[in-house]
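Please open the structure in your viewer and keep the selection tool at hand.

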Amino acid sequence: MAHNIVIPTKDKLFNLSEFFSFTKGNILTAFILGGGLIITFIRFTQGIGSVTNLSDVQPWGMWIGFDLLCGVSLAAGGYFTTVACYVMGMKHFHSAVRPAVTTAFLGYAFVVVALLYDLGHWWRLPYMFFFPGTTSVLFEVGLCVATYLTVLFVEFSVAPCEWLAAKFPILLKWRTLVNRSTIILTIFGVTLSTLHQSSLGSLYLIAPRKLYPLWYSPFLPMFFFVSSMAAGGSMVIFEGMLAHKSVHHYMDATHLKEADELVFSFSKAVSFILFAYFMIKLIDMLVQDNISYLCSGYGALWFLEIFGFVLLPAFLYAKGSRDRNLRLCRFAAANTVAGIVFNRFNISMIAYNYDLPSAERYFPSIWEIWISCFVVTLIVTVYRFIVYHMPVLYEHPNFQDAH
Amino acid sequence: MRNGTTLLLLAAIAVAGVAYLTLWEPSLAPAAPALTSVSDAPSAMVIFPVGEKPNYEGVGMKPVVFNHLVHKNRVENCESCHHTGETVACTTCHTVEGNVKGKFVTLNQAMHTLRILPQADRNTPQSCVSCHTKQLQKPKCAGCHSIVKPTRSEIYCNVCHSVTGLTKADIVDGIAGKLSDERKAELAANTLKARKNPVQLQPTDGPYKVMIDDIADKYKANMFAHRRHVNSLMGRIKDNALASAFHNQPTTLCSTCHHNRLLASASPKCGSCHSQRANPDPATPARPQLKAAYHLQCMGCHKGMNVARPLNISCVTCHKESEGQSVARAAEKLGEK
Amino acid sequence: MNRRKFLAILGSAGVASALGTSKVAKAGGGTHTWPYYENSYGILHDTTRCIGCRNCEEGCNKVNNLPKPDNPFNDLSVMNKSRRMTPTAWTVVNKYELDGKPVFRKSQCFHCNDPACASACFAKCFQKQPNGSVTYDDSQCVGCRYCMIACPFYVPSFEYDDAWDPRVVKCTFCELRLKEGKLPGCVESCPMDALTFGRRADLIKVARARIKDNPDKYTDYIYGEWDAGGTAWMVLAPIAPDVADKKHSRIETGHEFKELGLDTHLGNRPMGELTYGALGAVPMIVAFWPVLFGGAYAISKRREAIHMAETEAIVRETKEDVVNAMDAAVRKIAETQGPGAADAACQAMADAMKTREEACAHCGHHGEDK
């Protein structure tokens, strides 16, 4: 009985028909990608200044604040799920690992792509390995992201191997090797994730006078790491929700059966993490004697972030997992994801340079936002391609013994 | 005589004006009698370095003759100096060694210190020197004194610390408080009589105009109205007793600008020390380069005296542009167009 | 891997970590001490002398061959607006108000003793030179602009409009001119010696002397002596009259610097040190995480094994029970109804078991699927 779906690439190599139907999604995708390509061309021929509102006082804007900071933290689902499944031994979530690893891999790959837009000499990105500035937090981020991207690629590579195995049987050897080293890859991955997730927070440690005191803290790396766990768990739920809406017919029975249980289980875990995050944020605020800053516009933002996007989803998750309310859990996941984005925006843009006159402050240009949307659309499109071709949401009948 | 009435009227007004300006002067004079018609406050007095330790040899800090009358009329009220409100002698509390009554503020500190903590709950005391230093901020003084500070030399000390006809026995008795009032008055009177302010060089002793052309390059040489400047400076402090007493050398006033060039033609030129350096001179970082040396003197003095003119960024007020420079600028303008 | 090879690897790891901390070690006892370079140069900017003539801007422009600005340098109306450094203007003079009186301050790179930009750069573009300058080598710049985030003085600017070779640009301390024995362009062109060039250590003494001689003129603070770990460029500020009056209270000392647009709360340690704690945790995590997660993995694995063994035991017992029961039943049937009936019963039971087992095998397989 094992599989109740038709394997799309059983007899043929490609399954591209879904891209060429005139659905709303496809038209929107084409529109965003088309516009994005034009902006890309302008960016790479006319310079960063031609499409962004970046300035000498605000050198990092939307592309770092959203594409890098949010991109990396929202791709934390990869390490969160693999650790839950392989290290903690929650084998019944096995069907969630591959989608999570896939999205994490795509997330990281496109973080690097988006980064190229933001770099002045983008072709020199590998220079950091030749002239390593070891005192730089960014060096640590770069090194870990590069290594982790490799790890994710290896973890993910099983899916394309299974897809192409019929044509290139040699790939099976690689697949076996990867499967054997799963646990090593997982532990390597979580170590690297811890390092660079926290280091993204450490990036701002060097600018204590530029970031509003409610957000600046010597514990920024810890906040970033803890919130990335919440982001990872929530993103798995959130992505699952979206996948169920759009690519439901590529999910096999096992996946569908395990999906709901996974939501409740992750909800519980993320609820705990969010409560912990709330507590450390609160204690940090008290310890740093920041109460006087609460009575300002930024204080209101902080309250909104901490209560509306941390404590609220924590409660919703707790209630959702107790009552086994799928909708509530999914809402909480969306709420958490929005909260993470809000937090990263606050740190990188809204509460950054708070002391400067408003004329010198930054607001992203429409083109910067477009490029960010462009990158997200690219991720979605590549994800669709992978799902249409590779055994991600279902098990390939030839490889059922995989675990 | 068609305009006779008008002319007469004008003449009358002129006479009245002259009369007003000249005749009213004496009527303002009654201030002077007030100087003498004080209660029982002393006019001039000798302040001895009173201390707990006996002084048999008559050595130590020289006593000071203090013209109480003159100072009294220059301060707001008695509390300015008698900061406790009691009009007693300074040495009542402040002795050479310091004691509990004077909160261990020694006589030396009480008279000379510049670092006086503002008192929150009572009158902030002043010392002789702190008050005198404050006088230097008056615009007529601040020109030079924003550039130079009084040299604390022996001559400087002697302006106050000198009593004519003082004997060792007087000191011993004075410290012990045994000196008779008559003797004290005599000493004070003799000293005041003997005090003579040093004669200053006069503006006419210097050149009328001076050509400053050491660094004429972008701009033409500057013709400095030397005598006009000296006249103006001296005129302002002509009647200032403090300045007259402390400008204790004939060249004191000159030495603000001529700080190492005491008017003899053999002494060094400015450019001897102030190089037009094109190279870094790390050995003497504090010494201004020649151009800056001139500018710091001129602008420092003008700024201190609140002379609004010339604007210190308007170069051509003092320096005419050289031909080369104006041609270059014209060319630049043409190029822009 | 033999012992020798192992030791070699261990040794190189040690060297690598030692390299990372050599800077700290050089300073002695793990703390940064000033000066790193005893004879480094600096510049003292005395804002009480500055008249806002913009000659320094012109001098900088000239010696560095920068493009001519739209407004000529003698146009002082630009002072009415706050300006900042740009890729083509490496220094700017701004006008500030201190109790109604204009005070001018020149901005440029402060050339920190331990620069935040150098600490932040992940491609080692910035270098503190022994002569005091902080130099930037654009040949290996990736263009990430983290230096601009790190700089507490908002100094570096970036050529945003250059697509092919956008560089970070900042004052160079006229490093090449220094090597030729010349003064920086701005210092040379200052008509007031508001910029004093010299050894940094001497300049501090000069500044101290000026403050001491003119307590009513200067704020009693040398900006840059310690700020952000100390800078090569230091600033003296005039004292505001209200403080001059009660000059000995010293309560509000330093607010003048804030009014001159200088941040007086940067602390006296290099900005880079703020990240050292986080960077120092890296080896800890690298060492500890695998142990932690490896342990968690081992625990979950062991629990699984125990669970498996227990399940097997129960299944075996149950099976034996069933067999025994069947045996007893068959014997009873043989006793009561004779061997023929027993055989028939035996057959029937064996069939039933087989069907059941098949079904079970199916479930079992399915269960394993999880």
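Predicted model: local features only at pLDDT ≥ 70, side-chain atom pairs only at ≥ 80, totals over all residues.

**First stop: a sheet in chain C**

Select β8, β1 and β9 of chain C. These three strands make up an open sheet in the order β8-β1-β9, with mixed pairing. Which strands stand at the edges? They are β8, residues 195-199, and β9, residues 233-236, of chain C; each has a single partner strand, so one side of each is without a neighbour in the sheet. On average, neighbouring strands of this sheet are turned by 25° against each other, direction ignored.

Next, keep β1 of chain C, residues 41-46, in view together with β9(C). The two pair in the parallel sense, and four bridges join them. Within this pairing, select C:Ile43: opposite it, in β9(C), stands C:Trp233.

**Second stop: the helix across the sheet**

Now display chain B beside chain C. The contact between them takes 24 residues from chain C and 19 residues from chain B. The largest share, five residues, comes from α7(C). By class, this side of chain C divides into 11 nonpolar, six polar and seven charged residues.

Turn to chain A. Here 53 residues of chain C are in contact with 51 residues of chain A. For the side of chain C that touches chain A, select α3 (116-120), α4 (146-150), β6 (157-158) and α10 (273-337) of chain C, the elements that give two or more residues to it. Which of them provides the largest share? It is α10(C), with 18 residues. This side of chain C holds 31 nonpolar, 11 polar and 11 charged residues.

**Last stop: chain B on its own**

Finally, select chain B alone. Chain B contains 14 helices and four strands. Of its 337 residues, 12% count as buried. Among contacts in chain B between residues at least 6 apart in sequence, those joining residues at least 24 apart amount to 56%.

Conventions:
Residues numbered from 1 in each chain as written. Chains lettered and ligands numbered in written order. Pairing = 2+ DSSP bridges. Axes fitted to C-alpha atoms, helices over the stretch in contact; angles between N-to-C directions. Contact = placed C-beta atoms within 7 Å. Nonpolar A, V, L, I, M, F, W, Y, C, P; charged D, E, K, R; others polar. Buried ≥ 20, exposed ≤ 12 C-beta atoms within 10 Å, placed from the backbone.
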